[in-house]
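Me: I would like to go through this structure step by step. Could we start with a term that I will need, and then look at the details?

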Amino acid sequence: MDSSGNASHCFPMDSSGNEGNLNRKMKTVALNDGPAPDISTGQKEMSPGDMLRIKQQMSNQCFEMAVQVQADKSKRSCSTSEADRELPDYISELERVKTLHFNNTLSLHRMQMWHAVGEKLKQSDPEAEALKTVTERCMALCSQIKHLQQESRNLQDEITEIQKTRLEMKRLTHEKMRQIEELTSKKEHADREKYKAVLEKGQANLEKYKKMAVMTQNVLRGILLACKINWLDDPSLRDIAMSLEEFPISD
Amino acid sequence: MSLLKPFSKLPGLNSANILLVENEEQFQQSLADVLVEETSVAVNVRLAKSLPLPMENDESRPRIDLVVFIINLTSELSFQSAETSLKYLDPGYFLGKVCFMVTNARNASVPTEHLDAVRKLAASLHCPLLFAEDQTPDGVTSATERLLTVLKVAASLVPTTTALYLSNLTRCTLPPDIDQPSFD
């Protein structure tokens with residue numbers, strides 16, 4: 001343990017490093033206390049699991065140091081923005097490789113397990129019997145599943161057929177409706193055609209007779225004025241002359 | 001310049017070494033007490049007020065796997081001390097072996113600029129930023145658990161991960177509106 005008082009005379013004033021080692025495990029104590037060349041006697045028994053764990057830790061640390069060494073070797077000057085842009089690609093690549101590796105490990109374990117199960121089934125001890133009953137039950141369930149799936153597929157096909165026929169019916173209905181509408185509209189149109197011709201003829205006749213009436217009236221007015229007939233005294237003559245004024249002069 | 005280098009010494013077997021740097025020297029003590037109770041692996045805790053560490057025990061000091069800077073948001077000095085200590089750390093540490101821990105972030109008297117400054121520092125260095133509550137034993141325990149998770153990865157005790165890989169997942173990011181004034 002260093003005290004800050006001792007440190008002050010050798011170093012800049014703000015760096016008083018006060019350090020305390022607070023580990024209480026026996027392993028580290030054994031390593032620090034005296035020169036013990038045989039490390040294993042001072043520690044508790046290491047299980048294979050512990051050794052594997054330590055081995056993994058060491059390989060991880062070696063990997064990190066190798067990465068650092070390689071980074072130092074291939075130092076090229078690139079801007080941080082460029083690195084930031086490339087970073088997501090690298091990360092996704094890394095994740096892709098990791099998932100691939102994980103999936104491969106899983107399938108390997110699966111194969112190993114099935115091989116072990118197969119080996120077990122070949123023997124005939126109580127565990128194998130239990131395995132056999134479980135396997136038979138699985139088979140029964142699987143065949144039932146297949147049967148049900150086949151049924152559902154058939155039902156689905158029937159439904160599709162019925163939908164098709166319904167669609168066909170709808171289409172035919174629409175066609176028939178359209179034909180009916182066509183026919184009704186055509187009939188109306190034909191009637192109106194004849195009717196229009198008659199109407200025009202009637203109107204032409206009306207115009208002709210109107211013109212004749214107007215001309216006759218003008219002639220009568222001319223005669224009344226020219227001959228200076230006194231139409232005020234005679235009531236019937238006066239009526240005729242008054243009606244002459246009402247009729248619009250067509251031109 | 002006495003830089004603390006990550007790979008200049010041989011690593012220890014089945015052990016993890018963590019260095020807690022704190023200007024006030026309070027929280028690190030309680031953290032250390034809980035950290036050494038970890039049973040699955042031997043955790044060595046070194047405490048320091050600031051970097052650089054004295055040269056005298058350079059020989060006996062083991063390789064440091066994780067450096068944690070504890071910053072108390074209520075004091076400006078804490079942040080400055082941490083910033084100056086950063087210069088004495090080899091750049092190799094910033095690939096996942098440095099962590100920032102912040103206390104008193106919920107304190108109402110803390111201006112938001114302090115937290116923003118720490119956030120920006122952590123984001124610029126690509127380091128994780130943890131928040132801890134140092135007054136209650138529960139807070140200390142949960143902070144210890146999180147530190148242990150990061151420490152185990154940094155000490156290569158987790159088989160499929162390295163510190164660099166984890167740092168990509170845990171790095172601090174800045175919210176896009178960090179420079180805009182907050183509601184209060």
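This is a predicted model: local features need pLDDT of at least 70, side-chain atom pairs count only at pLDDT 80 or more; totals for chains, interfaces and linings use all residues.

Me: Then is E175(A) buried, partly exposed or exposed?
Reply: E175(A) has a relative accessibility of 29%, so it counts as partly exposed.

Me: What does the side chain of E175(A) meet?
Reply: It meets the side chain of R171(A) in a salt bridge, with 3.3 Å from N to O. R171(A) is partly exposed too, because its relative accessibility is 42%.

Me: Where do R171(A) and E175(A) sit?
Reply: Both belong to helix 6 of chain A, which covers residues 126-226. They are 4 residues apart, so about one helical turn separates them.

Me: Which helix holds E119(A) and K122(A)?
Reply: These two residues lie in helix 5 of chain A, residues 80-122. They are 3 residues apart, about one turn of the helix.

Me: Which residues are linked in a network of salt bridges?
Reply: The network links K120(A), D125(A) and E127(A). Within it, the side chains of E127(A) and K120(A) meet at 2.6 Å, N to O. K120(A) is partly exposed, because its relative accessibility is 23%.

Me: How many salt bridges are there over all chains?
Reply: A search of the whole structure finds 10.

Me: New topic: how many salt bridges cross the interface of chain A and chain B?
Reply: The rule finds 1 salt bridge across that interface. The side chains of K97(B) and E64(A) meet in a salt bridge of 3.2 Å, N to O.

Me: How many residues are in contact between chain A and chain B?
Reply: On the side of chain A there are 32 residues, in contact with 46 residues of chain B. The area buried between the two chains is about 3500 Å², and carbon and sulfur atoms give 49% of it.

Me: Which residues make the nonpolar surface patch of about 330 Å²?
Reply: That patch is made by F63(A), V67(A), L95(B) and L164(B). L164(B) lies in helix 5 of chain B, residues 163-170. At 36% relative accessibility, L164(B) counts as partly exposed.

Me: Now the inside: how many residues does the largest nonpolar core have?
Reply: It has 29 residues, and those with the most contacts inside it include I18(B), L20(B), V68(B) and L147(B). Among the elements of chain B that give two or more residues to this core are strand 1 (15-22), helix 1 (27-35) and helix 4 (137-154). Helix 4 of chain B gives the largest share, 7 residues.

Me: Why would nonpolar side chains gather like that?
Reply: In soluble globular proteins, nonpolar side chains tend to be buried together.

Me: What does L20(B) touch?
Reply: Leaving out residues up to four places away in sequence, L20(B) touches a set of residues that includes L31(B), V45(B), V68(B), I70(B) and L147(B). Apart from this core lies another, of 28 residues, among them L4(B), A82(B), L86(B) and C172(B).

Technical notes:
Residues are numbered from 1 along each chain as its sequence is written. Chains are lettered from A and ligands numbered from 1 in the order in which they are written. Side-chain values use heavy atoms; hydrogens and water are left out. A salt bridge is a side-chain nitrogen of Lys or Arg within 4 Å of a carboxyl oxygen of Asp or Glu. Buried means under 20% relative accessible area, exposed over 50%, partly exposed in between (1.4 Å probe, protein chains only). A nonpolar core is a set of buried Ala, Val, Leu, Ile, Met, Phe, Trp, Tyr and Cys residues joined through side-chain atoms within 4.5 Å. Contact means heavy atoms within 4.5 Å. Patches are made of residues with over 30% relative accessible area and no salt bridge: like charges are joined within 9 Å, nonpolar side chains (Val, Leu, Ile, Met, Phe, Trp, Tyr) within 5 Å. Accessible areas come from the Shrake-Rupley method with a 1.4 Å probe; for residues, only the protein chains shown count as cover. Buried area is the accessible area (1.4 Å probe) that two parts lose on being put together, summed over both.
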